[in-house]
There are 2 protein chains.
Amino acid sequence: MTSDGAGCVVLFTGLSGAGKSTLAQSLTARLIEAGYRVEILDGDAVRRELSKGLGFTPEDRTENIRRIGFVARLLARHGVIALIPVIAPYRALRAEMRAGTPTFFEVYVNAPLDVCEHRDPKGLYRRARAGDLPHFTGIDDPYEPPDAPDVECRTDLEAIEICVERIWSKLMAHLEHA
Amino acid sequence: MTSDGAGCVVLFTGLSGAGKSTLAQSLTARLIEAGYRVEILDGDAVRRELSKGLGFTPEDRTENIRRIGFVARLLARHGVIALIPVIAPYRALRAEMRAGTPTFFEVYVNAPLDVCEHRDPKGLYRRARAGDLPHFTGIDDPYEPPDAPDVECRTDLEAIEICVERIWSKLMAHLEHA
């Protein structure tokens, strides 16, 4: 196996608190151990580096995610597995990413809103409910669930290891033929 | 030779029309033939993909070039030689890029303003002189020449092949020890 044909983009989409970054990090550790090149394009980091000045209106979210997609595709072209844990709430935008990316996997990180809100790892739901964060996905901005994700993980019902194993299997089925 | 340790960032800085893209493209062809991974982050393309809404004020130019630098470093981290043909007129910003990049080469693509203006490949000088393009480098925005570039090419006096050969030698001296 060489990593040359491994380049691909893996979008982890789901509500804030659904477990997107946790899954991406766990998968990264396993991929690196196996010798793959991996990069996590974390939503917060990319906003800081590439999207200063953009907010959370639908137009700004769309522009932010398009930029992440551009960078992810550049990396994938050079053999990197680019993992993108971002909410990516709009179906049309995810479809656009898929259409523009030679090898693309959509992982639906699914947990009910009340579970995510109860977890509230960054305290964002509390601030959104208090009216401090307008356009918050699940509260006053929609999340459109994927119709046909490549992988679905129910993080309220399944252990992280089970979820990672399912994503891993999907990737390996591709990578072993790359 | 493997390309794994080859990752680096090469900034081609100079006036519009100095020959930055021409040199970057010519170097790219030679690097690809030799088996390296290469990506040109062209200023115009990156503006379209990452910097919609940014103009040409010093603040906006700085932000645009920081974004290009972020993407170039990501690519370099994965073994890619990232070539950046952009004007990058400010000394402090180029110093910031160098400081933030593990392996960085500054190529000063040097031709006098009157030569660049006579070439005017995109018709931009004409528009700038007519007042249609405010903040145009060399006309009403400064170009601060590098004090100590890694390579300098006088594109008004030297043939492209000579310039590319000089950059190539500089890169190879690094890559053969990587």
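Student: Why are helix 3 and helix 4 of chain B called roughly parallel to each other?

Tutor: Their axes cross at roughly 20° and come within 11 Å. An angle under 35 degrees counts as roughly parallel, over 145 as roughly antiparallel, 65 to 115 as roughly perpendicular, and the rest as oblique. Helix 3 and helix 4 of chain B are therefore roughly parallel. The angles run from 0 to 180 degrees between N-to-C directions, and the axes are lines fitted to C-alpha atoms, for helices over the stretch in contact. Helices are DSSP runs of H or I with at least four residues, strands are runs of E with at least two, and both are numbered from the N terminus.

Student: What kind of model is this, and how are its parts numbered?

Tutor: It is a predicted model, in which local features need pLDDT of at least 70 and side-chain atom pairs count only at pLDDT 80 or more, while totals for chains, interfaces and linings use all residues. Residues are numbered from 1 along each chain as its sequence is written, chains are lettered from A, and ligands are numbered from 1 in the order in which they are written.

Student: Which residues make the contact of helix 3 with helix 4 of chain B?

Tutor: Thr62(B), Ile65(B), Gly69(B) and Arg73(B) of helix 3 meet Leu93(B), Met97(B) and Gly100(B) of helix 4. Contact requires C-beta atoms, placed from the backbone, within 7 Å of each other. By class there are 3 nonpolar, 3 polar and 1 charged. Here Ala, Val, Leu, Ile, Met, Phe, Trp, Tyr, Cys and Pro count as nonpolar, Asp, Glu, Lys and Arg as charged, and the others, Gly among them, as polar.

Student: Is Thr22(B) buried, exposed or partly exposed, and how do you know?

Tutor: Thr22(B) has 17 other C-beta atoms within 10 Å. Buried needs 20 or more, exposed 12 or fewer, and partly exposed lies in between. Thr22(B) is therefore partly exposed. Thr22(B) lies in helix 1 of chain B; Pro85(B) is 63 residues away in sequence and 8.9 Å away in space, C-alpha to C-alpha.

Student: What makes strand 2 and strand 5 edge strands of the sheet in chain B?

Tutor: The open sheet of chain B has 5 strands in the order 2-3-1-4-5, with parallel pairing. Strand 2 (38-40) and strand 5 (151-154) each have a single partner strand, so one side of each is left without a neighbour in the sheet. Two strands pair if DSSP finds at least two bridges between them. Strand 1 and strand 3 of chain B meet that rule with 5 bridges. Val10(B) stands opposite Leu83(B) of strand 3. Helix 4 of chain B packs on this sheet, touching strand 1 and strand 4, and makes about 150° with the direction of strand 4.

Student: How do you know that strand 4 pairs with strand 5 in chain A?

Tutor: There are 4 bridges between strand 4 (residues 104-110) and strand 5 of chain A, in the parallel sense. Val109(A) stands opposite Cys153(A) in strand 5. Strand 4 also pairs with strand 1 of chain A, over 5 bridges and again parallel; Thr13(A) stands opposite Tyr108(A) there.

Student: What makes strand 4 of chain A mostly covered?

Tutor: Of its 7 residues, 6 are buried.

Student: Which elements of chain B touch chain A?

Tutor: In the contact between the chains, 13 residues of chain B meet 13 residues of chain A. On the side of chain B, helix 2 (43-50) and helix 3 (58-77) are the elements giving two or more residues. Helix 3 gives the most, with 6 residues. That side divides into 6 nonpolar, 1 polar and 6 charged.

Methods. Two residues are in contact if their C-beta atoms, placed from the backbone, lie within 7 Å.
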